[in-house]
Amino acid sequence: MKAFAELLGRLVLTPQRNAKIRLLTDYFRSSPDPSRGYALAAIAGTLSLNTVKPALIRDLLLERMDEVLFHYSYDYVGDLAETVSLAWEPPEGTVPVDVPLGEVVERLQRAGRSEVRSLVRDMLDRLDTAGRFAFLKLVTGGLRIGVSARLAKQALADLGGKDIGEIETLWHGLSPPYLPLFLWLSGEAEMPVLTTPAVFHSVMLATPIGEGDLEGLDPADFAAEWKWDGIRVQLANIGGVRRLYSRSGDEISGAFPEIVEAAGIAGVIDGELLVGGTTRTNRSTATFGDLQQRLNRKTVNRKLLDDYPAFIRGYDILFTGERDMRPEPFHARREALAALIDAASPHHFDLSPLVPFSTWEELDRLRSDPPDPVIEGIMLKRLDSPYLAGRMKGPWFKWKRAPFNIDAVLMYAQRGHGKRSSYYSDFTFGVWTEAEGGTTLVPVGKAYFGFTDAELEILDRFVRDNTVERFGPVRAVRAEPDAGFVVEVAFEGLNRSTRHKSGVAMRFPRIARLRQDKLPREADRLETLQAMIGMKG
Amino acid sequence: MRMKPDSLLYPAPRGLYCAKGDFYIDPVQPVERALITHGHADHARAGHGRVLATRETLDIMRIRYGEGFCGESQVASLGETMAINGVRVSFHPAGHVLGSAQISVEAGGKRIVVSGDYKRRSDPTCRPFEPVPCDVFITEATFGLPVFHHPDDRLETARLLASLKQFPERAHVVGAYALGKAQRVIALLRQHGYDEPIHIHGALAKLCEYYQAEGIDLGDIQSATLAGEKRPDFAGGIVIGPPSAFADRWARRFAEPVAVFASGWMLIRQRAKQRGVELPLVISDHCDWAELTGTIREIAPAEVWVTHGREEALVRWCELEGIPARPLHLVGYDDEGE
């Protein structure tokens, strides 16, 4: 448990992807079975345990602690598991021991409902502070360490010198504590043979069209499709096992049961998950804002299913039944996909239509004025290209609609992480609005990229020289009509928001340009943004 | 709670005041006569008329503020009793930083011990705390909540060394307060057998030199502020500087720095997160909860007064234990600076 607790502690505070992978790889290499397999499961979200309610751990602490002191402590720390792990005092004379994670998990899995309370108390007595914290996060079911399943798999791939694709192929056929997987990765056994075949496959990604990219390309070599504004998914039904994955390989079947249920087609398809109606039912596609109601949920209730019905708009196909379609050219795959979708539920599947065009100019006009508000651009796919994992330049391009742009005033800045930890590189910006007492700035978003290193130097210097107030790590900077810093912010869309004071939330904002040529009074007003809500760029 | 001004010591606007002796302890503004517990800037300020403190504390004040830091200085020898206007005064080790002392003030058969900042665990850079029997014990409460249980320093040092091994291509930049913490971290690393050169920020140089001159072995210390075209990026090395320096442009020279911070506050994850710390080391120069309550039990004073920090929780604990206690509400002490 010590090693696992230390790993969690480091992962939470480590922002760099590569450093996270190193921490994971080193842990997997140095920890024994079955602990490392359960750790993997806990991180990848495949560990099932009887969870414990927060009230129980609070009660356990209050068995030993004055309630007033508990409240002072909890108010100060702000996190219950952390408060309990820190304030817990084992009985006099108890020496903390390192209970292996494997033993902890197996005891929890064996314990009956009535035994849980005393088991948790006993574990808290035996573990040290960091161990208690990890244990409590595990049993209350919320690790929240900023590591996706995909990242954990990358660490496994690095551990064994394998390709992540091989790990993905195996992943859903294995279960905690993943003994055969680790045997294979450490070179002590052959690659495990699965009884249920393979599931998630790395998706094919497009590169953005850049200046001059189209000049040397012949429109006749490409097919164009709309780029829909939902989330990219992969749906697999192989050997009767049905799974829905996000584009990063995280399983999201639980959040979209209607899709999984309707997935009567055998094979693996690639598409956009959207809500609303399919073209086959002649109903309109709903916006990304509506889709968000369904995202980041483990389960879903009846009302959400009725109000925001989900469907998949098919883009491509990887397998038909057991047959690997990936080496086939795009047009052949598209035929197979069309046939498959034709046979599937019209409420849950439709085919992303092709956009006929003959010149790039014509396509550019179509791109600027698409027929549906849920379109965010054009995809270009070489007709002869196979389906290739990852992002490479050439076979697929994305050509997005121009993003929205506004001029906003810098209001707050915060230091970045890692390489940027000595720079003020996270910026909150605002626009003007009328409030009681006159015109004031209201924050409308936050951005931490888009600028060049040289521009960052300029922004950083401005923040340091113009700080008017500090709130912990945050600095408020000078922002008055005639003194301050204007930045051009680009973003993909605007949603209504009840969480933000301004009432709007930007999607994917970034700082497009520094506008030192402008005074803050020339920046945009909130009304301009409000008029953009629901519009597509 | 208000104390009667005729008591031996009471909080006045400029600090804790002894009317009978006409002196202040750790005053926050310039006064005629000040007794100083230790050299941290919020306790030891420049500009007093006369200052009584341990030789080391006076040296530290001189290093920080220059020769003219006060009108007249007088050395207090540990354990030796002096009389100031009929008040018996003595200094005793507090275990906080080099030169730190508790101050015992006695008159009319009543003894009050002002502990200043103190800690109970061993520290290779200063003398250990000595409990002094008294009627009133004035304790700090920087970490006065039951959540604060500082781990063994050696485990924390080992975590730093483990990370150094794990990320040999990155510079480990350790934020540590310039007086006391920085030297203690270095001494702990040396105790752990780490004998590579340790690089320090310029703000630490004079104090580290002073510690070395006082016979505290810090090993090979080198400046991290090297000029020139081909300055090193300290990959795989340890660099120590005041916490503020890491938020500064100074930190940009290092190879993919791992942000480390040595402080008792690092026990709270959110604190580490807010500051962008990647490797928090819980190394504190103050008592944790068990040490605070253990010290009060050990000294068994008739009454406890609690100053800067989380007074309310420690007062509550005293109430539960049946020990009369009250918060002092002194202002001007930086309980965050650790």
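Let's start with the buried residues of helix 3 of chain B. They are Lys181(B), Ala182(B), Gln183(B), Arg184(B), Val185(B), Ile186(B), Ala187(B), Leu188(B) and Leu189(B). Keep in mind that this is a predicted model. Helix 3 of chain B spans residues 181-191, and nine of its eleven residues are buried. So what do those buried residues pack against? Two helices of chain B are among the partners: helix 2 (153-166) and helix 4 (202-213). Strands of chain B are there too, namely strand 12 (172-175), strand 13 (198-200), strand 15 (238-241) and strand 16 (258-262). Just past helix 3 of chain B comes Gly193(B), with a positive phi of about 90 degrees.

Now step back to the domains. Chain B splits into domain 1, residues 10-147 + 286-327, and domain 2, residues 153-281. Their C-alpha centres are 29 Å apart. Domain 1 of chain B puts 14 residues into the contact, and domain 2 of chain B puts in 13 residues. On the domain 1 side, that is six nonpolar, five polar and three charged residues.

Next, the chain interface. Here 27 residues of chain A meet 33 residues of chain B. Which elements of chain A give two or more residues to that side? Helix 1 (2-13), helix 2 (17-30), helix 5 (67-77) and helix 6 (80-87) do. Helix 5 of chain A supplies the largest share, six residues. By class, the chain A side has twelve nonpolar, nine polar and six charged residues.

Definitions and conventions
Residues are numbered from 1 along each chain as its sequence is written. Chains are lettered from A and ligands numbered from 1 in the order in which they are written. This is a predicted model: local features need pLDDT of at least 70, side-chain atom pairs count only at pLDDT 80 or more; totals for chains, interfaces and linings use all residues. Two residues are in contact if their C-beta atoms, placed from the backbone, lie within 7 Å. Helices (H or I, at least four residues) and strands (E, at least two) are DSSP runs, numbered from the N terminus. Ala, Val, Leu, Ile, Met, Phe, Trp, Tyr, Cys and Pro count as nonpolar, Asp, Glu, Lys and Arg as charged, and the others, Gly among them, as polar. Domain bounds come from an automatic or database domain assignment. A residue is buried if 20 or more other C-beta atoms lie within 10 Å of its own, exposed if 12 or fewer, and partly exposed in between; C-beta atoms are placed from the backbone.
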